[in-house]
Amino acid sequence: MGVPAQTNPAEAVADGDTADARTSTVVDVKGLTMHYGDIEVLHGIDLAIARGDVCAIVGPNGAGKTTLVEILEGYRTRTGGAVTVLGLDPSHPTRAWRSRIGIVLQSCEMPAALTVWELVERFAGYYPQPRPVAETLELVGLSDRPNARAGTLSGGQQRRLDVAMALVGDPDVLFLDEPTTGFDPSARHQAWDVITGLRELGKTIVLTTHYMEEAEALADRVIVVVAGRVVADGTPETLGGRDHAPSTIRFRLPEGVNVAQLPSSHNGGFVADRDHVTMTNADLDDLEALIAWCRENTRPLPGLTVERPSLEDVYLELTGGVR
Amino acid sequence: MSDAHLVWNEFRYQRRTFMRDPQAMFFAVGLPLLYVVIFVSLFGNQRIDFVVNSQPGPLKAHTIMLAGFVAIGVISATFFNLAVDLVQERESGILKRFRGTPLPTWTFIAGHVGTATILGAGVASALIALGRFAYGIPVPIGGLPAILLALVVSSASFCCLAFAFTLTVKKAGGAVPLGTGVTLALYFLSGNFFIVEHPPLILRIVGKLFPVQHLNNALLTPLNPNTSGTRIEWIDLLVIAAWGAGALLIAIRSFRWTPSDQR
């Protein structure tokens, strides 16, 4: 077996050469800045996204999420810093590079007069190795409406058509800018199923969203952008130290037990709340003490829950309560 | 898929889009045909006793009207329709969407321009056929190459003007009223609807300055049964081409693909 020749991984990925290069970083951003006139909207963003990751970029309105994503997509030219996507600077996009990128914009109407099949087939013609149209429609759940004109589709179906048009080129990286904004809960869950399907195909997905539930359901990784800066970056389970954060212990008070009888704690102990008792800022010692008390007194703990802060709690704390 | 195939593909889908849009069909095809039917039926047989644009006489009104309405048909297809389409596609994010694909920009533009040009040629042919066979307006065979040349030059130039015109409109809903206002004003000022013996100086200046009257004249000469030779109005074609070239330069420098509120 020969030794592989040394190559610049970025170039190799751009040319789609080696299998090794295909495991490398897909999005690499260092010190990214962006000005609109005198106003700086991105202040030195650093991030790297690996192949196959599903990465959610979250942040309040005006945080710079769409600007960041549109720089990665090649729509906007940054003011400073270094950016590569699939090994190429997106401010100088090539046709070959574009054929490996799929984009779903935050808002885009469809040419209303063309049918679902015609639009996806039209886009398929732009790519060197497109996915079959029928298979793409199946993937997004539109295989039952190939002859419907785009203008007659519901909002959720139009969004799925939009995803189909982004997918038909079989891209390596897919950018989804607020893919479910304005959807009803049912349409949102359908869209999640589509994105989950894409993850299973091994696509690298970068999505922006306002919904923490969406980020938690879909993303391997969440990046929080506030006022043009990355303020947190981690998995949904660990973001902002969520995995080490104090927990809340809650259960129904057993019959014949007084709150004062429960084990005390260095952080204030249990507080009665109607028929429940709650301890916030609880740690493992508190939980162990409670369980020991149960065993000692042979008492059950009906409705016991031990919860870390939700992703939404962490997000609100990171963004100062701004959505 | 080769670039030539891509252009064909774009042309095919854009033609299909147009054919399914009754409003666009009416403005581009129905309205010029309606103009011919109404104006030629009412005033077509009037004999013009004065000299129009230095044309040799005698001329009947229907010949002048046919040239003017063919010009309107071409301008509607290549300028008005294209400009309205481009603005609406830009403001609704469709142009931006296409910009994010590997489709080469020139093939997208060629698809649009090809659709507009073929449409313009089709409307011009239909108008000339209507005039010739329904109203007996003479169409000299020797003038056909000059008509074809005028159609080619004007289609290319008015397509370029459409791309430049999109820069003046910021909202999707603004394209139709502004485009209608500009074209209607130019049709009136250039004598497409009325034949006036002594137009005021300002009208003559405006007429000479803008390309519409030059297109009228480039079409009237080959339709005029009193003319001979190649019947090509080189000066008029040059003025039209100069407008097209200027618009092309502006469009290359400043054409926008993204909606106005996202810049």
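Which residues have the most contacts inside the largest nonpolar core? Let's find out, keeping in mind that this is a predicted model.

## The nonpolar cores

The residues to look for are Val120(A), Ala164(A) and Val206(A), which have the most contacts inside the largest nonpolar core, a group of 79 residues. Helix 6 of chain A, residues 155-167, gives the most to this core, with six residues. There is also a second, separate core of 61 residues, and Ala71(B), Val123(B), Phe163(B) and Ala251(B) are among them. In soluble globular proteins, nonpolar side chains tend to be buried together.

Now zoom in on Val120(A). Setting aside neighbours within four places in sequence, Val120(A) is in contact with Ala164(A), Met165(A) and Val168(A), and also with Val133(A), Thr136(A) and Leu137(A).

## A sheet in chain A

Chain A has an open sheet of six strands, arranged in the order 5-6-7-3-8-9 with mixed pairing. Its edges are strand 5 (101-104) and strand 9 (229-234), each of which pairs on one side only. On average, neighbouring strands in this sheet are turned by 15° against each other, direction ignored.

## Where the chains touch

Chain A brings 19 residues to the contact and chain B brings 18. On the chain B side, helix 1 (3-19) and helix 4 (94-99) each supply at least two residues. Helix 1 of chain B gives the most to that side, with five residues. Sorted by class, the chain B side has seven nonpolar, six polar and five charged residues.

Key: Residues numbered from 1 in each chain as written. Chains lettered and ligands numbered in written order. Predicted model: local features only at pLDDT ≥ 70, side-chain atom pairs only at ≥ 80, totals over all residues. Pairing = 2+ DSSP bridges. Helix = DSSP H or I, 4+ residues; strand = E, 2+ residues; numbered from the N terminus. Axes fitted to C-alpha atoms, helices over the stretch in contact; angles between N-to-C directions. Contact = placed C-beta atoms within 7 Å. Nonpolar A, V, L, I, M, F, W, Y, C, P; charged D, E, K, R; others polar. Core = buried A, V, L, I, M, F, W, Y, C linked by C-beta atoms within 7 Å. Buried ≥ 20, exposed ≤ 12 C-beta atoms within 10 Å, placed from the backbone.
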